[in-house]
Amino acid sequence: MRQRFPAALLAALTAALLGLLPTPGATAAPADPAPVAAPAPRAAEARGDQPYASYWHPDTLLNWDPATDPDARFNRSRVPLRPRVSDPALKANPHARPGEGKVASLVSFAPTSNNPSQGSANPHYYAFRHWQYVDTLVFWGGSASEGLILAPNATVIDAAHRNGVKVYGTVFFPPTAYGGQIQWVRDFTQKNGSRYPVADKLVQVAQHYGFDGWFVNQETAGGDAALATALREQMRYARSLGPVEFMWYDAMTESGSVSWQDALTSANDSFLQEGDRRTSDAMFLDFGWSASGLDSSRTLARGLGRDEHELFAGIDTEANGYQTSVPWSAVFPAGREHVTSLGIYRPEWTYTSSANRADAEAREARFWDGANGDPSDTTTSSAWKGLAHHIPESSPVTAKPFVTSFGAGQGDFYHARGVRVSSAGWNNLSLQDVPPTYRWLVTTTSPGGTKLSPSIDHTDAYEGGSSLRLTGQLDGVNTVRLYQTRLPVAADTRLSVVLKTPAAGPTRLKAALSFTDAPTTFTTLDLGATTTAGWERRTLDLSAYSGRTIAQIGLEAAGSVPAYDVRIGQLAVHDGAVDTASAPTGVTVLGASDVSAGRKSLRLAWTPSATGSVRHYEVYRRDADGGRTFLGATPNDAYFVSRLDRAGTESTTTLEVEAVSAEYGRSPAATTTVTWADTTATNLALNRPATASGQCNAAETPAKAVNGTVTGGTTDKWCTTTTAKWLEVDLGSARALNRFVVRHAAAGGEDAAWNTRDFTVKVRASTADPWTTAVTVTGNTAAVTTHPVSATGRYVRLEITRPAQTSDPAARIYEFEAWGP
């Protein structure tokens, strides 16, 4: 996308954002604009390293097969796209216009490469929580050196689908100035008989991973009319295979040239509609649009038989967020029908520009809800009134059971039923609950009364890492509208609320429900008093309202309390008793990697529960004292455990996987064990004499690969660019060996693209003996690799045949370890 503002879509290609620059202090590797060869298939059970989101060039995508891609299983979303409702009578803002303009959000959650499939241990993350204003999320990324075709990771799909938001992957052909090659576009559109092989793969990826379509951004110069026609035919072909959608970006025209129109015109309209043939499902108009251009776009779209709201007028918020200058009246004129929809490029500015989590949440609220933290009151002197001013809220709360623990998808700890089961930080959008529809909508019946302040509290939780907190001066009746819903009430329907007060006593709190026959009138149910300062559950019988449909769920606080403080840990609407799912079965360790002598990373898999509706599976380790420590969770049937620490000298660790039902009932646990290496083994290569084929400089000697450390900076390694690349260590005498460990570039903090890809380890007893190959590795991507062996030798030799993931010529080894008794 072309540069129009200080930082435009092309900035997504910059090295700092997409991870193309080396880590500070690292030796830069040569750029590699050419496609990377497809990795050789590897046995999944040989790997316990981090799985990442998928990305390809056109030719490598053709080689992709989920059956041989060991990461594919970890990238699958298991959350279907939920339907949404939006009752005009319940919109927060009087200016918002239902059923008209939509919002597409182009978000970069992480660099194209090395984006973890299932979250990570970092609690500081862009955990977006204003899904109610978004219709489509584009998982933005791609670069010439990494990959042009980027599939969204499972966590983003799960969170978006739980909120009724569609997710698109990205196909990005960059300008030639940023490494674009027109041959890539031709490769992309190649045809085999009546088929487009790359389109077949695009559909396969979307359906296998569980997302909804693709955003196509073709900005590489050098095309012609025939290539433009091929792109249109290819999209129509892919759509016919369905269900898969396409959004086209306004860059390439029908002539094949790259010429941004900033509108729907006769030069690009066939990329949306060509006669009676639908080419794409939507078009993203470049940033330079004007009122007259959008007006003419609407007229042309209608003439083509298309809804003008399938056109998304793009705005670039990457640099300035809600300080971005936007001609709002051209797209959303006050008091008149929306001219088109809105496409927002890089709203994660709210996170990337923030100083901390609280600052990020405040910026996100200002961006979406408006300056007053109240979507019903967007009064401000700023031109940016917040998206709530223009777009009414949508809600996915359309079926029972509905359960929310107000989980943000990130946390500094993890709780299960109010008990802390982990004190480690984390992010995982797969675990995010449906956020409140209204952030925040509080009314008071007391003239001049003070409104309570709702917030997402990251210091306590009933489930996960956060809860809802109501604080402030209570001096009357406060109604907090939380969720718009469409939940039918049956004879056995129940409303459950888990709450906590600082001390035992009256909560002064009631649950508040409205029904579709009177959606703005609340009926309240008293939650009574607490008997402890801990979490307590209130279960309310709703049978008196059987046959009616819940339109809103909220809370009402009434009384006089100078410093009111109540936490809500869970809110649920379900029928009958809490359901449970059956236990998963067949828990298997697909692979384990030794991070250190006392720490592993693991890939786990299991057979899903045979009965019951599962929200997610939780993974624990059994502790020596009989307790459990939470390791992570996923809706999937496979999970990557980034850190399993050995407790003392234990020889095995028991892992447990339990199913958490849609109503938060818990199944019995299924178990497996992990075996630790013999504690009597030592690294026999430590500080032994080492020689090599060469070295990159005077500091990066063979001795650095056997000095026992990877933390000494980017020179704490052996490096070579010689044609033949080998490192040899003399153990002093012939020794029995049970494993080799190799610590590659990323183990020392360098770019994972420089991790050794193909190598062998050989042994021999004396210099007169031939070398015997003990280990052969192809297609490695991990920072640390562990290779169990049963061998004997005095001399051990690491031979590297492909030193990096790219064409970079340097081998970088931080440690080469040979372990034995």
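Select helix α5 to begin: its 13 residues reach 18 Å from the first C-alpha to the last, close to the 18 Å expected at 1.5 Å a residue. The expected span is 1.5 Å times one less than the number of residues, and helices (H or I, at least four residues) and strands (E, at least two) are DSSP runs numbered from the N terminus.

The model is a predicted one, in which local features need pLDDT of at least 70 and side-chain atom pairs count only at pLDDT 80 or more, while totals for chains, interfaces and linings use all residues. Residues are numbered from 1 along each chain as its sequence is written, and side-chain values use heavy atoms, with hydrogens and water left out.

**Helix α5**

Of the 13 residues of α5, 11 are buried, so the helix is largely enclosed by the rest of the structure. Buried means under 20% relative accessible area, exposed over 50%, and partly exposed in between (1.4 Å probe, protein chains only).

Move to α6, residues 225-241. Its 17 residues should span 24 Å at 1.5 Å a residue, and the end C-alpha atoms are 25 Å apart, which agrees. The buried residues of α6 include L227, L231, M235 and Y237. Display the surroundings as well: the buried residues of α6 pack against α4 (182-188), α5 (197-209), β6 (213-218), β7 (245-249), β8 (273-274) and β9 (277-278). An α-helix has 3.6 residues a turn, so residues three or four places apart point the same way.

G242 follows α6, with a positive phi near 25°. The peptide bond from G242 to P243 is cis, with omega near -10°, and P243 is found in the loop between α6 and β7.

Continue to D262, in the loop between β7 and β8. D262 is not a glycine, yet its phi is positive, at about 60°. At 13% relative accessibility, D262 counts as buried.

Select residues 357-368, helix α10. The 12 residues should span 16 Å, and the end C-alpha atoms are 16 Å apart, which agrees. R357, A360, E364, R366, F367 and W368 are buried in α10. The buried residues of this helix pack against β2 (103-107), β12 (341-345), α9 and β14 (410-411).

Then go to P401, in the loop between α10 and β13 (402-404). The peptide bond from K400 to P401 is cis, with omega near 0°. F406, in the loop between β13 and β14, has a positive phi of about 60° although it is not a glycine. F406 counts as buried, at 3% relative accessibility.

**The second largest pocket**

Select G119, S120, A121, N122 and N427, the closest to the centre of the second largest pocket among its 43 lining residues. About 1,100 Å³ of space lies in this pocket. On a 1 Å grid over the protein atoms alone, a cavity is a set of points where a 1.4 Å probe fits but cannot get out; a pocket is an open set with protein on both sides within 12 Å along at least five of seven lines; and lining residues have an atom within 4 Å of a point. Grid points are joined across faces, edges and corners, and a volume is the space filled by probe spheres set on the points.

Show β32 (638-645), which gives the most to the lining of this pocket, with 6 residues. The lining divides into 19 nonpolar, 19 polar and 5 charged residues. Here Ala, Val, Leu, Ile, Met, Phe, Trp, Tyr, Cys and Pro count as nonpolar, Asp, Glu, Lys and Arg as charged, and the others, Gly among them, as polar.

**The largest cavity**

The count comes to 5 cavities of 30 Å³ or more, and the largest holds about 70 Å³ of space. Select L431, D433, E463, G464 and Y664, which lie nearest its centre among 13 lining residues.

A511 lies in strand β23 (residues 509-515) and counts as buried, at 2% relative accessibility. Leaving aside neighbours within four places in sequence, the contacts of A511 (heavy atoms within 4.5 Å) include L495, T523, L540 and G554.

G547, by contrast, lies in the loop between β26 (536-541) and β27 (549-575) and counts as exposed, at 69% relative accessibility.
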